[in-house]
Amino acid sequence: MPAGVARFAEFELDSGRYELRRGEHVLKLEKIPMELLTVLVESNGQLVTRDEIIEKIWGKDVFLDTEHGINTAIRKIRQALGDDPEQPRFVQTVTGKGYRFIAPLTEISEARRNGDNSLKGSGSLETEARPEFRPIGSEVAAIAAPKAANPPAANPVRSANLLRAASLAILAVSLLAAALVGFNVRGWRDRLMARSSVPRIHALAVLPLENLSGDPSQDYFADGMTDELITMLAKNPALRVISRTSVMRYKKVQRPLPDIARELGVDGILEGSVGRSGNRVHVTAQLIHAGTDTHVWAESYDRDLSDVNSLQTELAQTIAQQVGFTVSVPAKPERRINPEAHDAYLLGRYYWFASDSEKCRPYFQKAIDLQPDYAAAWSGLADYYMGKGVGGESPPEAVMPQGEEAAQRALALDDSLVEAHNSMAAAYLFYRWDWKRAEQESARAVELNPNFAEGHHLRGYVLGTLNRADEALQEQRKAMELDPFARPWALGYALIRARQFDAALNEARVRSEAQPNDVSVRGLLVNAYRFKGMEKEAAQEWERMLLLAGNKESATAVRQAFARDRFKAVLEWELNDFKKKAAKGYVSPLEFADSYAGLRRKDEAIHYLELAYKERAPYLVRIQSDPNFDFLHSDPRYQAVVRKMGLPAAQ
């Protein structure tokens, strides 16, 4: 294109100087993003298809992974311009087609408008915008040979020989350069030439894979592939891998990678895309050292849907090698999964993580019906049933036996499945009250996958039940480190159960500052203030929590109750609220026991603890570590419940 300056909004794109500026500041933009932005601006509002982008930037016959290259370039353009893909000011995505530059161009000035028409109409190519290529040998010769004051007379034979030698040297260098370009088809050139300069990666975040299908209903497939890749990578004990819940916060979020890495506490980022067409799936991935924004490795894969499981294993092994860690080879071949069953399983997990348990169960069951030996689907079904029991949505006897059976089936099919061991640990802890086996299964889960945040979280519960408070805190800290945004309340409650109320309040305040609109963090603050004896602050946080949850009526009731008779009246309001809910549906007797204990009504509290024992209420396992029940510890009726459960004595 003619070298010129295009102005839009507060930016200037100077193609002659190869610069993007905002005011007097030159913005950092790499070669490919700069060229793509130039192509888009030149289009002046017209659609530029992906094929046109490939041809203009890489050429028709390129073998590189241009699809992922386009996505990365667009992301970097948007970062430089501060553009939002959901509400774009500059670059609009035309799903399945390409991109359009939509900002008005207020002025375009050509660099040669001042009479420099020397190349116009000549048919020659303009080469000034491209850096000159000089063979390496010519630079060496120029530096090594000093200039002679009086050069000798030329020898025709010697000159011919030198010319021939120089020509051969140039040809050799050119062939080497071409070979290196071709050799980079799969990223090998970058790997060989940059390896020694790339810092080692110790902690990794896998950002949500981009759904390239153009169909939002296929998001579940991209999310599921992300989740399974994280699980595969997390099995390496030497590499810290951030868990799914925390990285999903960055789905479709255009943020600089160093900022994301800093928030997650990692030095490596893996990003990529996934798309499928018929029975084929296309996956791209690139590994980036976040601190230096250095590309470490990139690759693309095309596979049959039935080979997705082996693809993820291969990806995880390759990435582990790239970051310099040893790779564990599976002890047995990967079981081939029916693609339709795998699809159903991914949908089940999608709804599970969306906290829509009623939608997830039919998909787990469908996956099992299609492939009865699908261990992961059985584990998903176990999570569904036990989640309803532990979460207090259903009476334990209505769901916990089915959850235990599903976990057993999953383990029988695949003893290496970490989720199945975790589900089994939950069954032993919350349903069977078999502390020894719960401890064994939770230990096995974190042994199989040291980066499994859910496993460390549950193990914290097991160790807390066994009065191993320091170890329980250590496990919750590890879970928080691996998944900082999944359970921002977990460490604070662990500190409360350890009777470290000052530390718990400090933790709750830190989390509330970082996540001020998180309802669960507000609940933690309520309890931290409550056990510190700061009842006014506890009531205020209770009101804020209810407002955040959208329950304005209850928030008003809490405020009025505290004004009437301080925190005691707030607890009485809560008790009455439980009674109203129990008239319409299931409420665990442990909820009533907790409310009566808060009011220091001993007889009623013990009565409901006894009912909770008969019902095998899951969270009854924590009564010894719950400070709300401390005043009951000397009562023989309370001690009888603890003894029948086989719980260790409180310390």
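I take a contact to mean heavy atoms within 4.5 Å.

The model is predicted, so I note the basis: local features need pLDDT of at least 70, side-chain atom pairs count only at pLDDT 80 or more, and totals for chains, interfaces and linings use all residues. Residues are numbered from 1 along each chain as its sequence is written, and side-chain values use heavy atoms, with hydrogens and water left out.

**Overall make-up**

I found 26 helices and 14 strands in the protein, where helices (H or I, at least four residues) and strands (E, at least two) are DSSP runs numbered from the N terminus. Of the 651 residues, 47% are buried; I use buried for under 20% relative accessible area, exposed for over 50% and partly exposed for what lies in between, with a 1.4 Å probe and protein chains only. The exposed surface comes to about 32400 Å², with 51% of it supplied by carbon and sulfur atoms; these areas are from the Shrake-Rupley method with a 1.4 Å probe, and for residues only the protein chains shown count as cover.

**Strands**

I next looked at pairing, which requires that DSSP finds at least two bridges between two strands. Strand E13 (residues 280–289) pairs with strand E14 (residues 294–304) in the antiparallel sense over ten bridges, and Val283 stands opposite Tyr301 in E14. The two strands form a hairpin with four residues between them, and in that turn Asp293 has a positive phi of about 55°.

I also traced an open sheet of three strands, in the order E5-E7-E6, with antiparallel pairing. Strand E5 (48–49) and strand E6 (91–94) are at its edges with a single partner strand each, so one side of each has no neighbour in the sheet. E6 is joined to strand E7 (residues 98–101) by four bridges, with Val94 standing opposite Gly98 in E7. Helix H1 (residues 31–43) lies across E5, E6 and E7 and runs at about 65° to E7; for this angle, axes are lines fitted to C-alpha atoms, for helices over the stretch in contact, and angles run from 0 to 180 degrees between N-to-C directions.

**Nonpolar cores**

By nonpolar core I mean a set of buried Ala, Val, Leu, Ile, Met, Phe, Trp, Tyr and Cys residues joined through side-chain atoms within 4.5 Å. The largest has 142 residues, and Leu270 and Trp542 touch the most other members. Its largest share, eleven residues, comes from helix H23 (residues 552–582). Apart from it lies another core of 29 residues, with Val41, Val48, Ala80 and Phe101 among them.

I checked the length of helix H16 (residues 435–448): its 14 residues should span 20 Å at 1.5 Å a residue, and its end C-alpha atoms are 20 Å apart, which agrees. The expected span is 1.5 Å times one less than the number of residues. Buried residues in H16 include Trp435, Ala438 and Leu448, and their cover includes helix H14 (396–413) and helix H26 (636–645). Lys436, also in H16, is exposed, with a relative accessible area of 63%. Lys436 and Leu466 are 30 residues apart in sequence but 9.4 Å apart in space, C-alpha to C-alpha.

In helix H21 (residues 519–531), ten of the 13 residues are buried, so this helix is largely enclosed by the rest of the structure. The buried residues of H21 pack against partners including helix H22 (535–548) and H23. Gly533, which follows H21, has a positive phi near 80°.

**Single residues**

I looked up Ser243, which sits in the loop between strand E11 (240–241) and helix H8 (244–247) and is buried at a relative accessible area of 10%. Leaving aside neighbours within four places in sequence, Ser243 is in contact with Ile230, Asn451, Ala453, Leu482 and Asp483.

Arg566, in helix H23, has a phi near 55° and is partly exposed, with a relative accessible area of 48%. Arg616, in the loop between helix H25 (602–615) and H26, has a phi of about 60° and counts as partly exposed at 23% relative accessibility.
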